[in-house]
Amino acid sequence: MDGPFGKAKAILTTLHNHGYEAYFVGGSVRDYLLNRPIGDIDIATSALPEQIMNIFPKTIDVGVIHGTVVVLHKDEQFEVTTFRTEEGYEDYRRPSHVEFVKSLHEDLKRRDFTMNAIAMTIDGDIIDPFGGKKAIEEKRIQTVGDPNERFHEDALRMMRAVRFVSQLPFLLCQETQSAITNNAPLLKKISVERITIEFEKLLSGPNCHVAFPILAETNLLQYMPGLENEKKNVKCFSAYKWNELKDRAEYWTLVSYLLKKDDLKTFLRQWKLPNKIIEQVVKNIGCLENVLNNGWNKQLLYDCGESCIKHVEKILGVLGIKQEISLYEEYCKLPIKHRSDLKITGADLLQWYKQSPGKWVSQLLEKVENSILENKVENNKEKIKEWLLSCNQK
Ligand code: ATP
Ligand code: MG
């Protein structure tokens, strides 16, 4: 159990030497038991946040009132969280206050699913009071305790459940799935940002084709931004190979293309995506529709640019639309990729034509750009000058 836990062991040892209990917990233990690559390593301890900060020389206070301190050790970060329970859930979201507790058992009990409520000692011994290991063997997602209660405490857990279906890939146990169906409207209480994180993880999971119909059947869709009344469309999402996509903008381009939203920007803004992603998706959709409706040409490739062409080519593949040529290869062949690649500037034009500045400068630059793209003239200052003056292009 060395590997990824190797460095983290030192954190546990230090806590032990100071008389505290400390264990590996959460997703890292689950993924270790599943033989999956391990992401962030979470540590649970009986030490209080101030004690953790006193013991370790480098720490970051990321939420001491919730009991979490990040410990920096050998260039890596570990989230160290004091054993706690969560109480007084307000509004089906985060708890109104947390209470630090003495026992690991109580800490595991507040965790969402049995597979995530397993602890591991420094020697690799498993502490599993809720049957999480069996659930992992059976690839089953089941809440710790009554699912209705657990989803009332924190409605995001319903989204987490379905994203784990996509990611691990596991199935929901019947009771958990029914409880999601019964409590789906509680998702209204959850901030869009948290829903977006889970939805993006779902989109990038290997089993997303199983997760899409679950979103539809449980009615969670009704409470996801812009997906209300999209049951039929979202069920059809399962037909495509989402796993070939990588980039956030690619996922959102495929979502947007399949939903055919009239007001794309509003839809993407509803998800509170960064402007950069929204702009890229809008550009990708414009390019995709152009290619599908009118075919491609050099000007389109030039206007869209490298990342858009790469995304669009991938999406066409995922949609199963065969292209005779590779758009990206054609893009690479373009003699210029940006206006800044032009070997002349507006200043050159002013000098050659000896006229005062005006709109004509940018119009002429555009004409030069087009002609270079169409191989009518070489991208060389002298050649461009000759060509312009000889055929009186202005
Ligand atoms: P990932 O692979 O995405 O990191 P994870 O299960 O580790 O999955 P985290 O968000 O890193 O998810 O949370 C770490 C652990 O904290 C979880 O395994 C679970 O035990 C607990 N946890 C996280 N979110 C919740 C929640 N909403 N309710 C209860 N427990 C939670
Ligand atoms: Mg994690």
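## A buried tryptophan

Trp-271 is buried, because its relative accessible area is 0%. Buried means under 20% relative accessible area, exposed over 50%, and partly exposed in between, with a 1.4 Å probe and protein chains only. Trp-252 is buried too, at 0% relative accessibility.

This is a predicted model: local features need pLDDT of at least 70, side-chain atom pairs count only at pLDDT 80 or more, and totals for chains, interfaces and linings use all residues. Residues are numbered from 1 along each chain as its sequence is written, chains are lettered from A and ligands numbered from 1 in the order in which they are written, and side-chain values use heavy atoms, leaving out hydrogens and water.

## Aromatic pairs

Rings of Phe, Tyr and Trp (its six-membered ring) pair if their centres lie within 6.5 Å; planes under 30 degrees apart are stacked, over 60 edge-to-face, and the rest tilted. The count is 13 aromatic pairs. One of them joins Trp-252 and Phe-267, edge-to-face, with 6.5 Å between centres and 65 degrees between planes. Trp-252 sits in helix 12 (residues 248–259) and Phe-267 in helix 13 (residues 264–270), so this pair ties together parts 15 residues apart in sequence. Helices (H or I, at least four residues) and strands (E, at least two) are DSSP runs, numbered from the N terminus. Both Trp-252 and Phe-267 are buried.

Trp-252 also pairs with Trp-271, in a tilted arrangement: 5.0 Å centre to centre, 55 degrees between the planes. Trp-271 lies in the loop between helix 13 and helix 14 (275–294), 19 residues from Trp-252. Phe-199, Trp-252, Phe-267 and Trp-271 form one aromatic cluster.

## Charges over rings

A charge sits over a ring if NZ of Lys or CZ of Arg is within 6 Å of the ring centre and within 35 degrees of the ring normal. The charged end of Lys-260 sits over the ring of Tyr-257, 3.6 Å from its centre. Arg-163 lies over the face of Phe-164, 4.3 Å from the ring centre.

## A threonine in helix 8

Thr-176 belongs to helix 8 (residues 174–183). Thr-176 is buried, at a relative accessible area of 0%. Neighbours within four places in sequence aside, Thr-176 is in contact with Ile-141, Gln-142, Thr-143, Pro-147 and Phe-151. Contact means heavy atoms within 4.5 Å.

## Domains

The domain assignment gives domain 1 (1–138), domain 2 (139–239), domain 3 (244–334) and domain 4 (341–390). Such bounds come from an automatic or database assignment. The C-alpha centres of domain 1 and domain 3 lie 41 Å apart.
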